[in-house]
Amino acid sequence: MSSTTGLNSAIDIETSPLSEPTAAAPTSDQRARWARWRQVLPTVLIYVVSIAVALALCALLVSTTGGSAMKVFSALLDGSLRSPGAWGITVNTAAPLLAVAAGTIVAGKAGLSNIGQEGQVLLGAAAVAFIATRLVAPGPVVIVISIAAGVAVGGLWALLASVMKFSRKVPEVISTLLLYFIAIQITDFALTKRWLLASLSTDSRVNNGQPIKRNARLPGIELFGNTISWGAFVAIILTALIGFALARTTSGFRLRMLGLNPRTARRAGVSAAKVGGAALVVSGATAGLAGSLWLMGGVPGDRFTSGMSSNLGWQGLLVALLARQRAALAIPMAFVFAALRTGSQFLSATGVDRRIADVVQAMLVLALLVAPAIEMVQKQRAERTMTAKEVTA
Amino acid sequence: MIAFGGAIWEVLKSGSTYASTMRYSTLLVFAAIGEWVAERAGTINISVEGMILTGAFTAALGSDLTGNIWVGLLFGVLGGFLVSYVQGTLSHRFNTNQFVVGLTLNVFAVGLTAFLDAQIEPSVKAAGILRIPGLASIPLIGRALFAQTWIQYMLYPLIPLAWWAVYRTRWGLELRCVGENPQAGDVSGIDVSKRRRQAVFVCGLCAGLGGAYLTLGQTGSFTANSLNGRGFLALAAVIFGGWTLKGTIAGALTFGFFQALGSVFQAHGYKANAQLLTALPYVMALLAMLVFAYRSRQPNALARPFVRGLT
């Protein structure tokens, strides 16, 4: 209902300068501002309400299982922002998420759904672990070469899916997904062999990689007691570049055309296999970059471990999709997701299972999905009542 | 090479291979039938994994609450349906991207079931094995098909039922129409989104039943994150089968066979690389899709959201 009145008043404003040209100029300006507010307000309200409902449901879940919801939320805040050095870790976690999201935006704009970033992240990190523990060179050289290897391996893994898609019509949604499960087994296998990734010491039963030397890790800068890794800047620059390339370059235009209308794109001479395939490879490559940043940024420890991508790929994908494929929005969204991740580390102190963080996250994602959907339905309803009014008038 | 061939032959001629193949496949066949119905209506449910997992957990919950397997089964079906309700409503009423919804629901299901499992720790009463006399002594496949838990036997009426519903009823015709040409369906008076929602619900019911089988029939307990991506093989099975029912079932059985291979090899005293065996069903699924996806014709509007109006 409120959205209906918002639309109506917006139309009033558009016509009002014509009907009362001189006398009401200042008030019409005021009314315009008010009308703009009236238009934005329902949207904001829908978002606030749906997020509040999601959080309330989580609180209900926590308290019915015997925990304290307030403690959980305060622990989440402590772990992600308030405790010393915490927001530095959050930023360093946001970096790989953002890198994954940036690539997902490229694939998404081309109308392709790469959903196997998790495996691309994992293999990218594995490539970094392989190179960085072997290459004998000055620190910066090792860093650059191993990141390049991570990017290349991530891209290659996505290239498999894109070859399957454009030569054999295998839907990329399913092939990228299945390739993830193969990637886990490849890295787990590599962790059992010393000539691949396994650590030289045999003391632990769990297979771990060799530690990466200190000078081969990404340097960081100190900021108010927080260490921000260079990876964060790399991710932000990458996102900005991708946002620019999509919006302002010819290849970005071709890519968007392919995504918006494949038929038109084909008539305009855009090759779906070339442009789409490239988009998939780029999304894999940025996921590989994310894996490199994750391992070399030092948040998960100093060595490669089994399944170390730990949902970064899935979450990065959700970041991109919730940002509705807009690069600028992906940056704060990645930060929110990273905060939930780092915050969940503090949950064990509250006596609540830390897996509640996954539930909170999924609830928030659902809330953010439902909100625009409700808005859209309301708009449709408003349009319908408007046309009905026109017909009766 | 000869030794390897001999090993394969020994495995293939033993009835226990087929029995354990069925134990892995049944879950997949249940889910794949549902997914097949959903894909014929033009939707792809990534959330089938979440549906199975939720079904597996709620089945454990129902069994824990009442100690009755039937109630557990019902709970499992309802759990799968619940996930499909969210999936269907969000993606085919509110037109939210179905892959996003599916992925989120998978994350949600993994998190919620793991969390609740740790809180409640349901104890499960497994279904007993029901041996059908006569049929069970058919060589090779008798034990696989007729000396299993009775939950598996629900497949046998379900398969023809699904076939009949999709190919021989008005509802099924409309469902396939919605998958092939939703605009035409819309013009002829079919509520496209509603049919698609119903297809997703059917998928949820079937996947929930599969989940219930996992808990009550196959493992006899619920383990958090036990599915670990196996549900996605149901999606591959539908492509393997070229969007036909019998092909889909063949796909599910094939992938189940490759899952069973590890334990079968072990039972025969052969050693094989653990990682290779775990990856095998996924590798085979990809290879199968490379062969079959190109040749078969998928539903024309598969994975394409329906928006009323000009296209």
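Helices (H or I, at least four residues) and strands (E, at least two) are DSSP runs, numbered from the N terminus. This is a predicted model, in which local features need pLDDT of at least 70, side-chain atom pairs count only at pLDDT 80 or more, and totals for chains, interfaces and linings use all residues. Residues are numbered from 1 along each chain as its sequence is written, and chains are lettered from A and ligands numbered from 1 in the order in which they are written.

**View 1. Chain A as a whole, with 14 helices and 4 strands.** Taken along the principal axes, the C-alpha atoms of chain A fill a box of roughly 85 × 60 × 35 Å. Of its 393 residues, 48% count as buried; a residue is buried if 20 or more other C-beta atoms lie within 10 Å of its own, exposed if 12 or fewer, and partly exposed in between, with C-beta atoms placed from the backbone. Two residues are in contact if their C-beta atoms, placed from the backbone, lie within 7 Å. Among contacts in chain A between residues at least 6 apart in sequence, 76% join residues at least 24 apart. The pLDDT (the predictor's confidence in each residue, from 0 to 100) averages 84 over chain A, and 91% of the residues score at least 70. Residues 1–24 of chain A stay under 50, and the model has 22 contacts beyond four places in sequence for them.

**View 2. Helix 12 of chain A (residues 312–322) and the end of that helix.** Helix 12 of chain A is largely enclosed by the rest of the structure, because 11 of its 11 residues are buried. Among them are Trp314(A), Gln315(A) and Leu318(A). The buried residues pack against helix 4, helix 5 (117–132), helix 11 (272–297), helix 13 (327–344) and helix 14 (356–392) of chain A, and also against helix 5 of chain B.

**View 3. The side of chain B that touches chain A.** The contact takes 36 residues from chain B and 34 residues from chain A. On the chain B side, the elements that give two or more residues are helix 5 (98–120), helix 12 (232–240) and helix 14 (274–295) of chain B. Helix 5 of chain B supplies the largest share, 14 residues. By residue type, this side of chain B divides into 27 nonpolar, 9 polar and no charged. Here Ala, Val, Leu, Ile, Met, Phe, Trp, Tyr, Cys and Pro count as nonpolar, Asp, Glu, Lys and Arg as charged, and the others, Gly among them, as polar.

**View 4. The largest nonpolar core, around Leu178(A).** A nonpolar core is a set of buried Ala, Val, Leu, Ile, Met, Phe, Trp, Tyr and Cys residues joined through C-beta atoms within 7 Å. Of the 224 residues in the largest one, Leu178(A), Ala330(A) and Ala236(B) touch the most other members. Helix 4 (residues 86–109) of chain A gives the most to this core, with 15 residues. Leaving aside its neighbours within four places in sequence, Leu178(A) is in contact with Phe232(B), Ala236(B), Tyr282(B), Ala285(B) and Leu286(B).

**View 5. The hairpin of strand 2 and strand 3 of chain A.** Strand 2 (residues 220–223) and strand 3 (residues 226–229) of chain A run antiparallel and are joined by 4 bridges; two strands pair if DSSP finds at least two bridges between them. Gly220(A) has Ser229(A) as its bridge partner, and Ile221(A) stands opposite Ile228(A). The hairpin has 2 residues between the strands, and Phe224(A) takes a positive phi near 50° in it.

**View 6. Helix 9 of chain B (residues 170–180) and its packing partners.** The buried residues of this helix include Glu174(B), Arg176(B) and Cys177(B). They pack against helix 2 (15–40), helix 8 (155–168), helix 10 (182–187) and helix 11 (192–219) of chain B.

View 7. With 14 C-beta neighbours inside 10 Å, Asn228(B) counts as partly exposed.
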